[in-house]
Amino acid sequence: MPPTASTDDILGPLTPAQREAVQHVDGPLLILAGPGSGKTRVITHRVAHLLSRPVAARHILALTFTNKAADEMRLRLDRLAPHQPVWVGTFHRFCSRMLRMHAPLVGLSENFSIYDTENSRKVIAQTMEEAGVADSHFTPDQIARSISWAKNHLIDHNTYTAAPGSPVGAAVARVFPLYQKRLLASSAVDFDDLLVHTAVLLRENPELRARMDERYRYIMVDEYQDTNLAQYLIVRSMSVDWPNLAVTGDPDQSIYGWRGANLKNILDFEHDFPKVKVVRLEQNYRSTGNILLVADSLIAHNKRRKQKRLLTDKAEGPPVRLVAYPSHRDEAEHIASQIADEVTAKCRRPRDFAIFYRVNALSRSLEDALRAQGLPYQIVRGVEFYQRQEIKDVLAYLQLLNNPRDDVALRRIINVPRRNIGKTTLQRLNAHARRHELTLLDAARESGLIETIPKRAAVSVAAFVALYDRLRLVVHESVETILGHVLHETGYRKWLAQSDSEADNDRLANVEELIAAAREFDQKNPAPGALEAFLEQTCLVNDADDWDSEIDRVTMMTMHAAKGLEFPVVYIVALEEGILPHSRSRDSSDKLEEERRLLFVGITRAEEQLQLSFAKYRPYRGALCPTIPSEFLPELPRDRMEWHEPSSSVAVEVRGTGEGVDELPPDAADYIESDDGDSPQRREGVRTRDVGRYGNAAQSASAAGRRTAGASSAVVTAAQLQSGDPVATKKVSPEVFHHAMVVVHPEYGAGRIVALSGEGERRTATVEFFGSRGQKKFRLAFSPLRPVRSPG
DNA sequence: ATTCGCAAAGTTTTT
DNA sequence: CTTTGCGAAT
């Protein structure tokens, strides 16, 4: 019997309200948890409490929306009740797992592919052509959105009927059934299907439903306010015979309505489950009184909500600042200089600060300003890594190996790298496939027999098929092995390595990173069927999951990404009409309320200090345009806030405050030049635009640095792969590394560890390489990093 | 068949 | 201003 936490460990650290929720065992439970009220703690402690009853771990299911939340929960649960096989994960992952087991029931094969938005849009574009609506004025994107909307409301392709007189609807009505048919033919699902298929599965197979209900007797759902209809039905149908559904959420933090989330789910929970126990967690342990006051006044303007107070024992703290800047540049520069000041004065570290914005595009000027101050920063962005061409190319190979019917994957790679199989040939293959109801791969196998295809092309296609079959032979090996074969046999690696273009060298580096991820995955999942599991992970993961709070950097992200996080000091920028609230939200009051909640979420991330700001001028489509302050501003308690309206010379006032920070402080000359936005200094610096994964300019610099050695290092790595990976054999135990230790990396040279995080295989070191070569993160268990005796 | 260049268009949030 | 798409030229 594994060790479990004692009752004291479980209940001891809790407040009475929290304890009430944790001790509730049977019957439905609704936990209305305000921001910073210790919600995650309640969930994990409740699971631990259930385990101590004892409820078998296999009967407990904890569902979250993001991997980040799931990881966090798992980690904290492991501390209370180590190694318990409680199923903790995201909805999508849970559904995917369930579908794999019962795929035939919904017409799929077990090895189905999961299409991300890009893939699904490709299918839609194609079906639009087939349906003859291609040249209507609708974009695949619009159609995709409508289909997604329908799916979120559980309207299937047979039931969908266009609203009379709606041209979009008419187009969708034509495309939707075809789209669904094509997905099924390719044995593929899109993100929405994962949920929808599962909901249908449970609805139409009563005995399966009963089994699931019985299996998952205690279900917990985090962020319940973000569930959509499908998720609601899934959870409900598994809580009939065992109605022990516990949900936590905060209606005021529902910000995913655009994704089909239905606020009614939480607002009507008490109605759906009579005799429900309701616990309100209104005590906030995060923010100062002043911050909560602002949050409270703002959210009070929403009509559709459950009345709720926010209480804190904390001090009032400094007043929340509201600043009207002349322009976006003043805004960015002033914020950067304030941060630099506090860092220089040693009262705070960079990682104490976060800057939130409504849209990713706004990060630009902030980046520039932080860089000018020499402040380290990281940008948390949605997808990024797995969205890159090269990664998707390589993954498409794996996808096709796993699921030969995956036409989208085949299209993507049949001519990558170049194999002289052009658009025309593909078109003819496709026509043939359509005519005989074949998959593209099967059509390709017959290419020699298709009259329309010239001999030369047929030979190329045959070579591709042969290549595919060769790769199939290793499909049961470890993911790393499969990847190695793919990169080698397809010539993909060689293709990138021989290229002179800088972009390709960066791509190669990314591919290497994918290999590292595969290696890590193999170590964790030595079981067979690794490929499929790996693919699933890569589809359902996003980069924000990798965000690392340990690293000492200023964090920039959208307010959506900020949910669930907290920072001592928060800046929220661009409170302007059209941005926050966003222009696309203006038409309906529901959407406007969601924007208000979004700001509420942003505000309540702050622990000690908060600044809200807007700029009087901001560039829009290239031109600097006057702005209108956000309509939310008058809703704030201005008399309790600090109001600033700096004149346009902010930049001059703050000049030279970068002293003592990592990089050179900008001198006056720098400042004057950087004022025109196009100075030589700027241009010679490395652009930080697509460094989301690495986080900042310094790391992009390291990417640039390895360019010179790019080709040769790639060859070395390929050789390593074949010779049984000498890197792995030289491994040093992750525990020997410590903060500030000097280490050496075979490729990047020497550097110093500036941050450590994670444990075991996830233990990660951030290394600052000497000579301004930049920083890079390493998973210690898998990196070739070696300690060096400190000089002196 | 690929690459380059120019023109137009479009800017939300993400599993 | 940036990115994407398309068309023309090699």
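User: How do S16 and strand S17 pair?
Analyst: In this predicted model, S16 (residues 606-620) and strand S17 (residues 623-626) pair in the antiparallel sense over four bridges. Strands here are DSSP runs of E, at least two residues long, numbered from the N terminus, and two of them pair if DSSP finds at least two bridges between them. Within that pairing, Arg618 has Cys625 in S17 as its bridge partner.

User: What about the hairpin of S16 and S17, how many residues are between the strands?
Analyst: Two residues sit between the strands, and Arg621 takes a positive phi near 50° in this hairpin.

User: Which strand pairs with S16 over six bridges?
Analyst: That is strand S11 (residues 321-327), in the parallel sense. There, Leu322 has Leu612 in S16 as its bridge partner. Strand S15 (residues 567-572) also runs parallel to S16, joined by five bridges, and Val570 stands opposite Leu610.

User: New topic: what is the strand order in the open sheet?
Analyst: Its six strands come in the order S3-S2-S6-S7-S1-S8, with parallel pairing. Strand S3 (87-90) and strand S8 (277-281) are at the edges with a single partner strand each, so one side of each has no neighbour in the sheet.

User: And inside that sheet, how many bridges join strand S6 to strand S7?
Analyst: Four bridges join S6 (residues 218-221) to S7 (residues 244-249), which run parallel. Val221 has Val247 in S7 as its bridge partner.

User: Last one: which residues of helix H22 are buried?
Analyst: In H22 (residues 479-489), they are Val479, Glu480, Ile482, Leu483, Gly484, Val486 and Leu487. Helices are DSSP runs of H or I, at least four residues long, and buried means under 20% relative accessible area, with exposed over 50% and partly exposed in between (1.4 Å probe, protein chains only).

Definitions and conventions. Residues numbered from 1 in each chain as written. Chains lettered and ligands numbered in written order. Predicted model: local features only at pLDDT ≥ 70, side-chain atom pairs only at ≥ 80, totals over all residues. Heavy atoms only, no water.
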